[in-house]
Amino acid sequence: MFCYQCQETAGNKGCLLKGVCGKDYSTANLMDLLIFNLKGIAIITTAMRRAGVAADYRTADKTIMESLFATITNANFDYTSIAKRVDNTFALKARLLQEATAQGVQLPANEAVTMQGSPEEYDRLALGVGILRETNEDLRSLKELTIYGLKGLAAYAEHAGRLGYEDDEINAFVERALHDVTMGLLSADELTALVLETGSFGVKVMALLDKANTESFGHPEITEVNIGVGNRPGILISGHDLKDMEMLLEQTEGTGIDVYTHSEMLPANYYPKFKKYKHFIGNYGNAWWKQREEFETFNGPILFTTNCIVPPTAGASYRDRVYTTNAAGYPGFKYIESDAAGHKDFSEIIAMAKTCQPPTAIESGSIIGGFAHHQVLSMADKVVEAVSSGAIRKFVVMSGCDGRQKGRSYFTEFAEALPSDTVILTSGCAKFRYNKLPLGDIGGIPRVLDAGQCNDSYSLAVIALKLKEVMGLDDINKLPIVYNIAWYEQKAVIVLLALLSLGIKNIHVGPTLPAFLSPNVAKVLIDNFGIAGIGTVEEDIKTLIA
Ligand code: SF4
Ligand code: SF3
């Protein structure tokens, strides 16, 4: 096992025997084997696409996206579920290989294409295909940076796909990128270009998901979200999948059961289509890492539609109340399958909720959100006026992820220390570090504008591009917008690469720079894009705001 894909990696170097996240040694290795098989599949489909022959690309695309997603930090801890995906990828690879050969497609010689194995061989095979297989530290860094970007991209593509929105150009790119990092033919410069290209496809996939979400559920609008509780039993839904959110609301309506969001599902409260459900009460709790306490007091069942799962402690009373679906999984949690049409039956969760106590209140009152691009642009005049008059000196993008490391209190302190003529633009679960602070407003514009989930960082890019146009600027970096981003897992990686691909410079990233950036690769990012880590609150306020 060697994993260094997230911000909490051991010693900021790499997890070797067990993940800090709780991922065990064999499951981590098995994920390496799964990725290796995806690379093999991608090499075959890329060759077939180039040859212009017919093939079952759809199954390959779907398999690649879902499996990449399952290896994202805190999505899936279940060896059996990953082994099933490995079975499927070996079978799919064999089938595609046969199709390619039958159609006379020349395939490059690569072990990722030819390797086959049976379940009893998986653990042994996995040991030879891990991240350290690439011995050059800089090439490894660039390849893994690409792969982590692809994981985030795959997650967003999967959500869009479940709403019926797909883009074959994106699928073909993911396969070509996997092909390129595996074939070993690219120089460091070419790999750097691939990293940026991954970012530009990150913009495309976020735009696709934005279209899928807004055409399905309406444009997010300014919303006061209740953070208290009602007096009926509830179901807590976490993760990012809005299709699941819709199905849960439909199936719980009229059952006497309430629905609450947790962590990254909070922004579901901003969508017009979900607001019409009276039993959709609001949001319970905070970011993912507080779940061990918050799931205890919630008292009812919990549904994980994606990451972030924290392994429950041995004595956790909620252990039997947790369900997973999609790419998410945890040994002992019940898994909800979908039928061929994408429909899921949540009746077991609803039946369990009926036997549970209502949630115990841990907070009361409300928070405000719903500042995605459509809403913000509808008040563009007001925003531009506030900027021109000097009422708003700067916007500070503080998007990204939250996490349990102590150093993350920096983001709360930074938000508190910001001068009162600055406005925070946020998205992702990073917001829970400051979205309940009494930061006030500027002429009716709240000082924390939440655009939504991490993928809604796209909204912040749309807003920036629009402001640039309205203000007649020739460079996005001339806007009064600065970036102080918190990262944790691989969705933040695709968001960061997307921002870089849009030409945004001088982004600060914390609480630590990724361990997977080798010193040379970090230097390229620092020299060309002005990427920086975080310092003390005082220093950073000076650098970013003064
Ligand atoms: Fe370690 Fe993060 Fe990998 Fe988990 S996902 S094993 S914490 S680097
Ligand atoms: Fe959070 Fe996991 Fe990243 Fe979607 S839920 S932002 S950490």
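Visitor: Hi! How many residues does the largest nonpolar core have, and which have the most contacts inside it?

Guide: Hello! This is a predicted model, and its largest nonpolar core has 175 residues. L33, M245, F274, F395, Y483 and I507 have the most contacts inside that core.

Visitor: Which element gives the largest share of this core?

Guide: Helix 1 does, with 13 residues.

Visitor: Let's switch to pockets. What volume does the largest pocket have?

Guide: About 1,100 Å³. Its lining is made up of 42 residues, and K62, E66, R85, E158 and Y335 lie nearest the centre.

Visitor: Why does the largest pocket lie between domain 1 and domain 2?

Guide: Because both domain 1 (10-216) and domain 2 (223-354) give residues to its lining.

Visitor: What about the classes of residue in that lining?

Guide: There are 15 charged, 15 polar and 12 nonpolar residues lining the largest pocket.

Visitor: Okay, next one down. What volume does the second largest pocket have, and which residues lie nearest its centre?

Guide: The second largest pocket has a volume of about 450 Å³. It is lined by 27 residues, with K39, V129, G130, I131 and E144 nearest the centre. Helix 1 (25-51), helix 6 and helix 7 are the elements giving two or more residues to this lining.

Visitor: Which of the elements gives the largest share?

Guide: Helix 1, which supplies 7 residues to the lining of the second largest pocket. By class, that lining has 13 nonpolar, 8 charged and 6 polar residues.

Visitor: Now the ligands. Which residues are around ligand 1?

Guide: Ligand 1 has M1, C3, Y4, Q5, C6, T9, C15, G19, V20, C21, K23 and T73 around it. Sorted by class, this shell has 7 nonpolar, 4 polar and 1 charged residues.

Visitor: And what surrounds ligand 2?

Guide: The residues surrounding ligand 2 are H240, E264, W288, N307, C308, G400, C401, C429, C454, Y488 and E489.

Visitor: How does that shell divide by class?

Guide: The shell around ligand 2 has 6 nonpolar, 3 polar and 2 charged residues.

Notes:
Residues are numbered from 1 along each chain as its sequence is written. Chains are lettered from A and ligands numbered from 1 in the order in which they are written. This is a predicted model: local features need pLDDT of at least 70, side-chain atom pairs count only at pLDDT 80 or more; totals for chains, interfaces and linings use all residues. Side-chain values use heavy atoms; hydrogens and water are left out. A residue is near a molecule or strand if one of its heavy atoms lies within 4 Å of it. Ala, Val, Leu, Ile, Met, Phe, Trp, Tyr, Cys and Pro count as nonpolar, Asp, Glu, Lys and Arg as charged, and the others, Gly among them, as polar. On a 1 Å grid over the protein atoms alone, a cavity is a set of points where a 1.4 Å probe fits but cannot get out, and a pocket is an open set with protein on both sides within 12 Å along at least five of seven lines; lining residues have an atom within 4 Å of a point. Grid points are joined across faces, edges and corners, and a volume is the space filled by probe spheres set on the points. Domain bounds come from an automatic or database domain assignment. Helices (H or I, at least four residues) and strands (E, at least two) are DSSP runs, numbered from the N terminus. A nonpolar core is a set of buried Ala, Val, Leu, Ile, Met, Phe, Trp, Tyr and Cys residues joined through side-chain atoms within 4.5 Å. Buried means under 20% relative accessible area, exposed over 50%, partly exposed in between (1.4 Å probe, protein chains only).
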